[in-house]
Amino acid sequence: MISKEEDFNPLELKSQDLLTFPSQEHTKIRYSLAWQLAKITKYNQKRKITEINLYEKGSIAGWNHSLALASTIYTSEDLKKHLKILYNYDFDFLPADSEFLNPEKSQFIYLDNVLVGWLGQLAEKYNYENVNFLEILLSKVEKIPKKEGGKIKFRPYDNSQLKYRDITLSLLMKDIPDPYLKVIQKIPEIFSVKLINYVIINNQQKITYRITGPDQVCAEIDKFYK
């Protein structure tokens, strides 16, 4: 539960004021587990603890069941990978337009065009710099059936050495690389896509990825750039 003044609600959920409550600090049902983890993070930082990883599962407003993560160690990209490992869904990540979130460092999470969570950092007014959060509405995710995979076809083992290509994306500060990475990841037989450099030059993001795979992967990338 939270106080009446606490309005952190990036997913725009509806809460209920309680008719009876233990104190003025607990008058309505919380909108977000991530907000609770943020307060715990700040408490530990005041105790000079700098490396923090927290998670919680529980109920929030609108009868939703939520999973939240907070970390000063993992980046948003790391948390995104953890989410994909925990839940084998094809999530989409789009820029987050919310007064509660940092627009340059946050994304909304969609599944089959349904808003199911958010990822990134809180708005600067909350003073939680360099703390990354992830919150997912499990009650919504679990209602969406997983897509069945096709039949797996095995090919003869290829023992040739893997090769790689480095590609650099130039993006505006408000843009995210996910749409471009999805195009790249459609190339068959990619072994890995790894972030190797990130810089900001003249208000543009310069993001370099290393794509590793057999000869045909490099040939496809070369063809794309020609």
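Student: Over how many bridges do strand β4 and β5 pair in the antiparallel sense?

Tutor: Keep in mind that this is a predicted model. Strand β4 covers residues 107-111, and L111 has V114 of β5 as its bridge partner. Counting along the antiparallel pair, the number of bridges is 5.

Student: Which residue in the hairpin of β4 and β5 takes a positive phi?

Tutor: Look at the turn, where 2 residues sit between the strands. One of them has a phi near 50°. That residue is D112.

Student: How many of the 7 residues of β5 are buried?

Tutor: Buried here stands for under 20% relative accessible area. By that cut-off β5 is mostly covered, and the count of buried residues is 5.

Student: Is K80 buried or exposed?

Tutor: You'll find K80 in helix α2. Leaving aside neighbours within four places in sequence, K80 touches F93, Q107, L119, L134 and D178. Its relative accessible area is 3%, and the cut-off is under 20%, so K80 counts as buried.

Student: Now for the pockets. Which residues lie nearest the centre of the largest pocket?

Tutor: The largest pocket has a volume of about 650 Å³, and 26 residues line it. Elements giving at least two residues each to that lining are α2, β5, β8 and β9. Nearest the centre are S76, E104, K105, Y198 and Q205.

Student: Why does the largest pocket lie between domain 1 and domain 2?

Tutor: Check who supplies the lining: domain 1 spans 33-142 and domain 2 spans 163-224. The pocket lies between the two because its lining takes residues from both domain 1 and domain 2.

Student: How many charged residues are in the lining of the second largest pocket?

Tutor: This pocket holds about 490 Å³ of space. Its lining has 21 residues, with E77, K80, K84, L181 and Q185 closest to the centre. Split by class, there are 9 nonpolar and 2 polar residues, and the charged ones number 10.

Student: Which elements give two or more residues to the lining of the second largest pocket?

Tutor: Domain 1 and domain 2 each provide at least three residues of this lining. Going element by element, the ones giving two or more are α2, β3, α4 and β8.

Methods
Residues are numbered from 1 along each chain as its sequence is written. This is a predicted model: local features need pLDDT of at least 70, side-chain atom pairs count only at pLDDT 80 or more; totals for chains, interfaces and linings use all residues. Side-chain values use heavy atoms; hydrogens and water are left out. On a 1 Å grid over the protein atoms alone, a cavity is a set of points where a 1.4 Å probe fits but cannot get out, and a pocket is an open set with protein on both sides within 12 Å along at least five of seven lines; lining residues have an atom within 4 Å of a point. Grid points are joined across faces, edges and corners, and a volume is the space filled by probe spheres set on the points. Helices (H or I, at least four residues) and strands (E, at least two) are DSSP runs, numbered from the N terminus. Domain bounds come from an automatic or database domain assignment. Ala, Val, Leu, Ile, Met, Phe, Trp, Tyr, Cys and Pro count as nonpolar, Asp, Glu, Lys and Arg as charged, and the others, Gly among them, as polar. Buried means under 20% relative accessible area, exposed over 50%, partly exposed in between (1.4 Å probe, protein chains only). Contact means heavy atoms within 4.5 Å. Two strands pair if DSSP finds at least two bridges between them.
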